Amino acid sequence: MLRHIMCSPRWRYDPQEEAALTQYYEMGDQTLWNPSHGASRLFMSQVGVYQAELGLPSGIGPMEADQCQIDPVMFKAFIDALLAWHRRTSHGVMAALSEGFVATVLVLAERADMGVKWPSTGFVEAGSFRGVQVPTAQESTEEAWAAAIQQKSHELGRFMAV
């Protein structure tokens with residue numbers, strides 16, 4: 001049964017509906033994630049936000065008949081750009097808001113056995129900082145930053161059904 005969830009004031013959360021229906025994120029024949037409609041809807045909304053922020057397509061295709069194909073080449077480029085963007089932000093709120101999305105994407109990358117490019121902080125692209133900067137709580141080394149986001153990803157992965 002194909003269902004489209006529209007963003008409108010008439011939509012209401014129904015916990016029974018959320019528990020009964022799931023969607024599939026797949027790369028080829030491999031299922032990477034099988035979330036509820038609610039989790040999938042929030043994730044896909046965030047995909048749109050970060051595609052716009054990075055100016056790159058994610059490789060995460062449209063959800064059709066509760067299935068979504070992920071293009072491995074585009075997804076890899078998106079992940080690498082997302083990690084670089086996340087690492088170089090010094091805005092505490094932006095870092096906090098993006099951390100969960102980054103961890104979720106890393107779970108998918110790990111399940112696809114896709115190596116990720118861990119960025120260095122030795123560069124800042126022109127125009128990469130916008131607005132008033134709210135410093136992150138603490139500057140960290142590359143190793144500490146990568147270890148923290150990997151740990152969050154591993155913890156989150158336990159809750160992401162395959």
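Residues are classed as buried when their relative accessible area is under 20%, as exposed when it is over 50%, and as partly exposed in between (1.4 Å probe, protein chains only). The structure is a predicted model, in which local features need pLDDT of at least 70 and side-chain atom pairs count only at pLDDT 80 or more, whereas totals for chains, interfaces and linings use all residues. Residues are numbered from 1 along each chain as its sequence is written, and side-chain values use heavy atoms, with hydrogens and water left out.

The secondary structure of the protein chain comprises five helices and three strands, where helices (H or I, at least four residues) and strands (E, at least two) are DSSP runs numbered from the N terminus. Read from the N terminus, the order of elements is α-β-β-α-β-α-α-α. Of the 162 residues in the chain, 36% are buried. Contacts are defined by heavy atoms within 4.5 Å; among those between residues at least 6 apart in sequence, 64% join residues at least 24 apart. The accessible surface amounts to about 9,600 Å², and 57% of this area belongs to carbon and sulfur atoms; areas come from the Shrake-Rupley method with a 1.4 Å probe, and for residues only the protein chains shown count as cover.

Serine 58 lies in the loop between helix H2 (37–54) and strand E3 (67–69). Serine 58 counts as buried because its relative accessibility is 0%. Its side chain reaches the backbone nitrogen of isoleucine 60 at 3.0 Å. When residues up to four places away in sequence are not counted, serine 58 touches Val47, Gln51, Met74, Phe75 and Phe78.

Helix H4 (residues 92–111) contains 20 residues and reaches 29 Å from its first C-alpha to its last, close to the expected 28 Å; the expected span is 1.5 Å times one less than the number of residues. A kink of about 35 degrees in H4 is centred on glutamate 99, the bend at a residue being the angle between axes fitted to the seven residues ending there and the seven starting there. The buried residues of H4 include Ala95, Ser98, Phe101 and Arg111. Strand E2 (30–33), H2, helix H3 (72–88) and helix H5 (142–157) are the elements against which the buried residues of H4 pack. Just after H4, aspartate 113 adopts a positive phi of about 55 degrees.

Alanine 84 is found in helix H3. This alanine is classed as buried because its relative accessible area is 14%. The C-alpha atoms of alanine 84 and tryptophan 118 are separated by 7.4 Å, although these residues are 34 residues apart along the chain.

Conventions. Polar contact = N/O pair within 3.5 Å; in protein donor to acceptor, adjacent residues only side chain to side chain.
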